[in-house]
Amino acid sequence: IQAITNDGGALNLAALRGHLSQFSDHGRLLNAGWSTPKPSEPANTVEDDLIGVCLSRLRQCRHRDSVHPAALLQALSICCEVVTLGRTTGGETDRVVKSDAVLLDFVEEVFKVLLEVVDGDWSLLLREVLQKIWAMYETLPSSAANGSKDTYQERTGSLYFKLVLIQLVIKWRG
């Protein structure tokens, strides 16, 4: 962690991007066929660890009864970076997050945690925050490569509806 933080303990996105790029190895070491750990086993995959760090950072944005907007934007930037490393443009073997379902789970969880952190304080949902959430949504594949395609499309449609609704509420509040 020290390699990707600056002197103040804040994450340096360029250093994080450089550190994570070593895990995109064109399928030589990170194998899409690995199974997820059993609930009794500790998370042992790179994607589980990255997702855990991102969600933890996002949850830590709420300190007591306040949220610092810059910390929220930084935490979302880190989440967005991990999701971007999971985008589908380069082929599945180049993705850090191998599974479409795991990628969707992660984006949904980021959205859920964001709403928990904001806790009704709509002023925290700045234009930049919404842009990060939309960027994460837009990296999702249009349909799942494996699993139930109907369920996948229902979930992505539901997330889209929630994002549009949040954007309308923010715009309406002016």
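The text below turns to the aromatic rings and then to the cysteines.

The model is predicted: local features need pLDDT of at least 70, side-chain atom pairs count only at pLDDT 80 or more, and totals for chains, interfaces and linings use all residues. Residues are numbered from 1 along each chain as its sequence is written, and side-chain values use heavy atoms, with hydrogens and water left out.

**Aromatic rings**

The structure contains three aromatic pairs (rings of Phe, Tyr and Trp, the last by its six-membered ring, with centres within 6.5 Å; planes under 30 degrees apart are stacked, over 60 edge-to-face, the rest tilted). Two of them are listed here.

| Pair | Centre distance | Plane angle | Class |
|---|---|---|---|
| Trp134 and Tyr137 | 5.8 Å | 90° | edge-to-face |
| Tyr137 and Tyr160 | 5.8 Å | 40° | tilted |

Ring pairs join Trp134, Tyr137 and Tyr160 into a cluster. Trp134 and Tyr137 sit three residues apart in helix H5 (residues 127–138), about one turn of the helix; helices are DSSP runs of H or I with at least four residues, numbered from the N terminus. Tyr160, in helix H6 (residues 149–173), is 23 residues from Tyr137, and this pair links distant parts of the chain.

Relative accessible area is 14% for Trp134, which is buried, and 42% for Tyr160, which is partly exposed (buried is under 20%, exposed over 50%, partly exposed in between; 1.4 Å probe, protein chains only).

**Cysteines**

There are zero disulfides, a disulfide being a pair of cysteine sulfur atoms within 2.5 Å. For Cys61, the nearest cysteine sulfur belongs to Cys79, 8.6 Å away. For Cys79, buried at 0% relative accessibility, the nearest is that of Cys54, at 4.4 Å.

Terms used
Helices (H or I, at least four residues) and strands (E, at least two) are DSSP runs, numbered from the N terminus.
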